[in-house]
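Here are my notes on the two-chain structure you sent. Please read them with the display open beside you.

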Amino acid sequence: MTAAFDMARLRVVFGDRVVHAADGRSTTLTHGFGDESFLKGHFPGFPVVPGVILLDGMILAMLHAFTHRTGRSGAEIRSVAVESAAFHRPILPGMNVAFVSRLDLVGDRISGKASVMVGDVRHARASLFLLTQGDAAQRRADTRRDRHDHDRHDHA
Amino acid sequence: MTDIMAGIRDTTWAAPFVYVDRIIHMDRRTAVALTVFNAGKDRFGYDGFASPSLLIECMAQLSLALIRHSDPEVEIGVIPSLRDIVMTPPHADAFQAAIRVIWEDGDYPRYAFAGAAFVMDEPVCKARLDILATRRAA
């Protein structure tokens, strides 16, 4: 049994300012960071938005793109696979950030690229796959097998 | 250094962005920790939702603890890149996660770690992390 990515509660941080391009090719979620509680701890005296928070913003933008493009519920997405993510420049309080996602739908495969933009400057990017319940079960089985192989290797 | 908790003391990060409760194993290349998520205000979550990305932060903080175990002068680490992530949200708001990181490659200042997180013995997140570390100013 798996859970969904909780779009409603991710919105508590990232808000709901979402714009879909007229041609349907991109979805942009915008947010101004400033008073989020995590900035108190990351880091005291010199706040920087953590990379994992930026990753969640990119995932949320992808989920918005998925629901807009397909008309399906974001709750169908049970796992996310990220091929790679890179964080080039820091995001600081006061910056207005655009999480831009471009979704590719080919058959059952849901993939895409997302960027964290401040103006015209890209601060982070990721290449992602959204996985439904069936995909997620297969991935978990793969992870269990990897873990078993690792444990067996450790005991060899 | 023999105190396996030393690497998560006097860190540059602080509540509510602390994601390692207890390190239960550490050797030269592997560390294992336990962390409780219970929607408490002392630990950031999305209104109680522990996104699995926060488990990656847990892996990063544990990786830095392992680095500091062998190099106490290391003060801070950032994540320039992540790879091969697969993550599934845990199905409860309150849970204990077991986190394991393996130091796969690299040396100061750039390291490569493989991390995995388990809840109730089920894998919920795995990732490869690059960590870029900085030592304390002399």
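1. Helix 1 of chain A and helix 3 of chain A are oblique to each other. Angles under 35 degrees count as roughly parallel, over 145 as roughly antiparallel, 65 to 115 as roughly perpendicular, and the rest as oblique. Their axes come within 11 Å and cross at roughly 125 degrees. Axes here are lines fitted to C-alpha atoms, for helices over the stretch in contact, and angles run from 0 to 180 degrees between N-to-C directions. The crossing of these two helices, helix 1 and helix 3 of chain A, is left-handed. A crossing is left-handed if the near helix is turned anticlockwise from the far one by less than a right angle, and right-handed if clockwise.

2. A word on the basis. This is a predicted model, in which local features need pLDDT of at least 70, side-chain atom pairs count only at pLDDT 80 or more, and totals for chains, interfaces and linings use all residues. Residues are numbered from 1 along each chain as its sequence is written, while chains are lettered from A and ligands numbered from 1 in the order in which they are written. Helices (H or I, at least four residues) and strands (E, at least two) are DSSP runs, numbered from the N terminus.

3. Which residues of helix 1 of chain A meet helix 3 of chain A? They are A:Met7, A:Leu10 and A:Phe14. Facing them in helix 3 of chain A are A:Asp56, A:Gly57, A:Leu60 and A:Leu63. Contact means that the C-beta atoms of two residues, placed from the backbone, lie within 7 Å. By class, this contact of helix 1 with helix 3 of chain A has five nonpolar, one polar and one charged residues. Ala, Val, Leu, Ile, Met, Phe, Trp, Tyr, Cys and Pro count as nonpolar, Asp, Glu, Lys and Arg as charged, and the others, Gly among them, as polar.

4. Helix 3 of chain A (residues 51–70) also meets helix 1 of chain B (residues 53–70). The axes come within 9 Å and cross at roughly 160 degrees. The two helices, helix 3 of chain A and helix 1 of chain B, are therefore roughly antiparallel to each other. Their crossing is right-handed. Chain A contributes A:Val52, A:Leu55 and A:Asp56 to this contact. Chain B contributes B:Ser53, B:Leu54, B:Ile56 and B:Glu57.

5. Now the whole interface. The contact takes 37 residues from chain A and 32 residues from chain B. On the chain A side, the largest share, eight residues, comes from strand 3 of chain A. The residues of that side divide into 20 nonpolar, eight polar and nine charged.

6. How many bridges join strand 3 of chain A to strand 3 of chain B? Six, and the strands run antiparallel. Two strands pair if DSSP finds at least two bridges between them. A:Ala81 has B:Val86 as its bridge partner. On the other pairing, eight bridges join strand 3 of chain A to strand 6 of chain A, also antiparallel. There A:Ala86 stands opposite A:Arg125.

7. The sheet is open and has twelve strands, in the order 1(A)-2(A)-4(A)-5(A)-6(A)-3(A)-3(B)-6(B)-5(B)-4(B)-2(B)-1(B), with antiparallel pairing. Strand 1 of chain A and strand 1 of chain B stand at the edges, each with a single partner strand, so one side of each is left without a neighbour in the sheet. The twist averages 25 degrees from one strand to the next.

8. Chain B has one helix and six strands, in the pattern β-β-α-β-β-β-β along the sequence. Strand 1 and strand 2 of chain B form a hairpin with three residues between them. They pair in the antiparallel sense over four bridges, and B:His25 stands opposite B:Val32. Helix 1 of chain B runs at about 45 degrees to strand 6 of chain B.

9. Please check some backbone points. A cis peptide bond joins A:His42 and A:Phe43, with omega about 5 degrees. A:Phe43 is in the loop between helix 2 and helix 3 of chain A. Another cis peptide bond joins B:Tyr108 and B:Pro109, with omega about 10 degrees. B:Pro109 is in the loop between strand 4 and strand 5 of chain B. B:Asp47 has phi near 55 degrees, a positive value in a residue other than glycine.
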